[in-house]
Amino acid sequence: MDLPTVKEKRDSLIENEELCDHCLGRQFAKLGHGLENYERGLVAREIDDLTEDSFVESNVPEEASEKHRCGCEFCGIVFDELDHWTQLVIDSFDRYELETFLVGIRPPEEVVASEEELWSEYGTEWTEPIKTELSRLIGKRIEDRMDIVVDFERADIMAVVDMRDGKDRVELQVNSVLIYGQYNKYSREIPQTEWHCRKCRGSGCDECDWTGKQYPTSVQEEIQEPFIRESKAIEAKFHGGGREDVDAKCFGKREFVLELIEPLNRDLDLEALKKEVNEGTDKVEIFNVEFTHKDKAADIKQKHADKEYRAQVETEDEVSEEALENISEVVGVIEQDTPERVEHRRADKTRKREVYEVSWEVTGPKSFELTVKAEAGTYIKELIHGDEGRTQPNISDLIGTQAECTQLDVTWVEK
Ligand SMILES: [Zn+2]
Ligand SMILES: [Zn+2]
């Protein structure tokens, strides 16, 4: 069977149903530009020889207004209540500083049911769901009354208007503010993020002085405090582009994204906050702070940035300059079993990693400083001490005596 024409669909709708202008027009929502559905409805009633091209501004009767026709058996009273819903949403936005928003709709159950009946009877050609129309109309009203705009991609806040029986309320989903930056870490005593006390797992005990924490502070805590205070966020999440060991410094400007959860205020002076962080601590320094979006956090987390390290190495026996030359044989692909020290956290497996460059400088009869540039995920301490043969090749084997890394710093991070 052929699909009905626009005229045929209109004719049978008018003959068999009691639709208001909104509901009639909505059956032709995809035809014509710049019209609202109630105007399409008026055109559909006005133009006898209705076609796909009829839905234009010039065909809308001049005295057209958005007056809802009472007695529509499909939408009930929802279009009479637009100002009420609009006010509810505006009230719910009261505590928040916003630039963009989005409105979602949970229509009354009976409206959804009758919409589905209408679609099965007359087809879904040219129509849009009633919740799309309601969300657009309420969104426009809010734009008219507040200095904020609808954003379908990255709204600051999403208001879901619940029109279902007995609900009459707005639920808010406040999107996080995301801040990109880079950090250096100048302490060998703090982890990147907060660690729970190993003994009490966060509940507080003698061991941790009832703080619940293994370390008094962390890179995250050193950075986040002024951001949380100014944004009035309930908390923050820290997404690092990899992490260094607790006892390693980082001079490589490691990337991070600070996620401020449910902030009231989004209009932050990032330069001032950066300054406050940097003046308030000597453990951490942050750089290049800017607003970013959700994809960026995922991005830097799975980027696998190559790195350069500087390691202080001590050896069991004295090493000749000649023996040290063998270190360069480590350049190329190495194989590392998961180190003993992280085995409980990661699945045991053998990984191939590439060492790009290596150089060294003798600092004493049994010590030298090693610089290594290597692929993301290379375990440098294990590369040096060999992890009882679990890293191959390794520097201890190559120089013929057991070597230990006593200090490790990150000096460069790929961006
Ligand atoms: Zn209606
Ligand atoms: Zn504890």
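Helices (H or I, at least four residues) and strands (E, at least two) are DSSP runs, numbered from the N terminus. Just after helix H5, glycine 123 has a positive phi of about 85°. The model is predicted: local features need pLDDT of at least 70, side-chain atom pairs count only at pLDDT 80 or more, and totals for chains, interfaces and linings use all residues. Residues are numbered from 1 along each chain as its sequence is written.

**Domains**

The protein chain is divided into domain 1 (6-174), domain 2 (177-301) and domain 3 (307-413); these bounds come from an automatic or database domain assignment. The centres of domain 2 and domain 3, taken over C-alpha atoms, are 29 Å apart. Contact joins 11 residues of domain 2 to 8 residues of domain 3, where contact requires C-beta atoms, placed from the backbone, within 7 Å.

**Cores**

A nonpolar core is a set of buried Ala, Val, Leu, Ile, Met, Phe, Trp, Tyr and Cys residues joined through C-beta atoms within 7 Å. A residue is buried if 20 or more other C-beta atoms lie within 10 Å of its own, exposed if 12 or fewer, and partly exposed in between, with C-beta atoms placed from the backbone. The largest nonpolar core has 38 residues, and among those that touch the most other members are Cys23, Phe74 and Ile138. Helix H6 (130-145) is one of the elements that supply at least two residues of this core, and the largest share, 5 residues, comes from H6. A second, separate core of 25 residues includes Val330, Ile334, Ile380 and Ile395.

Leaving aside neighbours within four places in sequence, phenylalanine 74 is in contact with Leu19, Cys23, Val111, Ser114, Glu115 and Leu118.

**Helix H8**

Leu273, Lys274 and Val277 are buried in helix H8 (residues 270-280). Seen down the axis of H8, its buried residues fall within an arc of 100°, so they line one face of the helix; the arc is that of the directions from the helix axis to the C-beta atoms. The face turned away from the buried side of H8 carries the exposed residues Glu271, Ala272 and Glu279. Helix H7 (219-231) and strand S8 (284-292) are included in what covers the buried residues of H8.

**Backbone exceptions**

Most residues other than glycine have a negative phi, and most peptide bonds are trans.

| Residue | Phi | C-beta neighbours inside 10 Å |
|---|---|---|
| Tryptophan 126 | about 70° | 17, partly exposed |
| Tryptophan 210 | near 60° | 12, exposed |

Tryptophan 126 is in the loop between H5 and H6. A cis peptide bond joins glutamine 392 and proline 393, with omega about -10°.

Key:
Chains lettered and ligands numbered in written order. Contact = placed C-beta atoms within 7 Å.
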